[in-house]
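Hello,

Here is the structure I said I would pass on. Please open it and keep it beside you while you read my notes below.

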Amino acid sequence: MTQITNHMPTKELQALDAAHHMHPFTADAELAKKGARIITRGKGVYLNDSEGNEILDAMAGLWCVNLGYGRKDLAQVAARQMEELCYYNTFFQTSHVPAIALAAKIAELAPGDLNHVFYAGSGSEANDTNIRLVRRYWDVKGKPEKKVIIARKNGYHGSTMGGGSLGGMTGIWEQGGLPIPDITHIDQPYWYGEGGDMDRDEFGLMRARALETEIERIGADKVAAFIGEPVQGAGGVIIPPATYWPEIQRICEKHNVLLIADEVITGFGRTGNWFGSNTLGIKPHIMTIAKGLSSGYAPIGGSVVCDEIAATVGGAGDFNHGYTYSGHPVAAAVALRNLEIMEEESILDHVRNVAHPYLYERWKALEDHPLVGEAVLVGLMGSIAMTPDKKTRAAFASEAGTVGYRCRERCFANNLVMRHVGDRMIISPPLVIKPEEIDVFIKRATKSLDETYASLKADGLLTAA
Ligand SMILES: *Cc1c(COP(=O)(O)O)cnc(C)c1O
């Protein structure tokens with residue numbers, strides 16, 4: 001077989017990709033016609049492709065490359081760990097230093113008494129763990145009937161059978177018999193899209209109280225937990241009204257329902273604090289972590305669990321659950337170094353005092369663009385809603401996502417990665433992004449919005465639904 005390298009012509013790489021590689025969340029046949037964009041290397045906030053383009057990655061990969069691409073220190077840690085102990089498991093009463101050290105570090109950073117880490121290889125796996133963990137907890141407590149988990153429409157918790165079921169994305173449910181039993185979904189706190197004439201805070205309260213209604217409908221004695229992302233990510237970077245989480249917290253406490261904060265995106269500095277729960281004032285019993293935990297340099301995730309749940313589940317014999325790669329030493333060593341670097345280089349300070357304020361000002365200014373209905377940003381995760389009518393916040397008459405897809409294509413052509421969710425554009429740049437890079441980003445984003453606007457105008461698509 002010929003060696004497949006970065007130096008192969010793009011067309012050949014694309015042909016091999018189309019012939020053998022099935023892509024996640026992709027229509028492979030369509031992609032085969034067009035050819036995948038082949039990314040060859042990365043440095044800081046920039047990626048290179050096989051055609052020699054330099055692309056500003058305003059998504060940090062998939063919300064994960066928080067320290068930016070190409071860090072030699074993280075690569076060296078991985079190499080050293082592979083040589084010393086490439087793998088050992090944490091089953092059968094064994095442990096190893098990277099898993100121990102990382103768990104201790106996460107416990108130090110995590111709020112409250114979230115002092116225990118159950119490792120997984122990804123966010124999806126960690127959420128599957130959470131389903132088993134909360135049901136096991138209530139079982140041990142003598143309440144086996146307490147097993148329903150309430151989640152939210154348009155939430156995202158991964159795409160395994162468990163994670164996809166907790167998520168509220170019908171496109172996922174339609175393929176493969178999801179959601180699995182005993183998971184239900186309430187409406188999301190999406191004021192811009194669903195709040196109508198209601199006051200933002202009133203709407204936040206109303207959507208939180210939907211949880212109470214749902215608990216009462218099912219019976220509190222049957223509800224194990226509620227799960228939500230502090231700020232919805234894949235659903236379109238939806239920042240809930242300030243009234244929302246305190247009310248959710250109150251309702252969970254009142255009805256003895258465990259609270260799981262899915263921090264896979266919001267964890268590790270994304271919102272300007274170590275966790276989104278700090279930023280939004282949430283006191284969860286369990287947090288799901290992944291992505292930024294290792295800045296994407298190695299696949300690792302986990303559940304950060306409070307004292308009471310860890311003691312209850314751990315005190316009742318074997319918890320019959322685990323992954324071969326739970327606490328993988330290489331991934332754990334890389335994640336630990338990633339967190340140390342975040343401290344050494346004061347990344348949270350940078351987000352809070354440099355990157356966020358500067359980006360916020362420039363991002364907010366996009367609200368003057370004729371296509372932009374709102375531009376929101378918490379820490380370094382943000383979104384803009386595109387609309388044909390700013391006053392009414394109307395959706396476009398075209399099928400949802402038509403405009404967003406066009407804008408994403410313009411961004412791609414302008415060497416900018418900005419994703420779309422429906423007709424919202426979303427961003428989550430590396431946390432290390434500098435003001436001069438933010439300038440480049442905004443320049444490319446503005447150009448892309450201008451071109452999108454012009455093309456919509458030309459095609460008569462600037463009409464409200
Ligand atoms: C990405 C994501 C997941 C799934 O993580 P994977 O590592 O892709 O399995 C779960 N929850 C949230 C909030 C996410 O954004």
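The largest nonpolar core has 89 residues, and Leu102, Trp363 and Phe441 have the most contacts inside it. Helix H14 (residues 329-344) supplies the largest share of this core, ten residues. Both domain 1 and domain 2 give the core at least three residues each. Keep in mind that this is a predicted model.

Look at Phe441. Leaving out residues up to four places away in sequence, Phe441 touches Leu56, Ala58, Leu359, Trp363, Leu416, Met418 and Ile427. There is also a second, separate core of 34 residues, with Ala60, Ile248, Val257 and Val417 among them.

Next, the domains. The domain assignment gives domain 1 (37-70 + 346-458) and domain 2 (73-344). Their centres, taken over C-alpha atoms, are 26 Å apart. Domain 1 puts 37 residues into the contact, and domain 2 puts in 36 residues. About 2700 Å² is buried between domain 1 and domain 2, and carbon and sulfur atoms give 59% of that area. On the domain 1 side, Trp63, Met381 and Arg393 lose the most area to domain 2. Together they make up 26% of what that side buries.

Strand E11 (residues 372-378) has six of its seven residues buried, so the rest of the structure largely encloses it. E11 runs antiparallel to strand E12 (residues 381-386), and six bridges join them.

Best wishes

Terms used
Residues are numbered from 1 along each chain as its sequence is written. This is a predicted model: local features need pLDDT of at least 70, side-chain atom pairs count only at pLDDT 80 or more; totals for chains, interfaces and linings use all residues. Side-chain values use heavy atoms; hydrogens and water are left out. A nonpolar core is a set of buried Ala, Val, Leu, Ile, Met, Phe, Trp, Tyr and Cys residues joined through side-chain atoms within 4.5 Å. Buried means under 20% relative accessible area, exposed over 50%, partly exposed in between (1.4 Å probe, protein chains only). Helices (H or I, at least four residues) and strands (E, at least two) are DSSP runs, numbered from the N terminus. Domain bounds come from an automatic or database domain assignment. Contact means heavy atoms within 4.5 Å. Two strands pair if DSSP finds at least two bridges between them. Buried area is the accessible area (1.4 Å probe) that two parts lose on being put together, summed over both.
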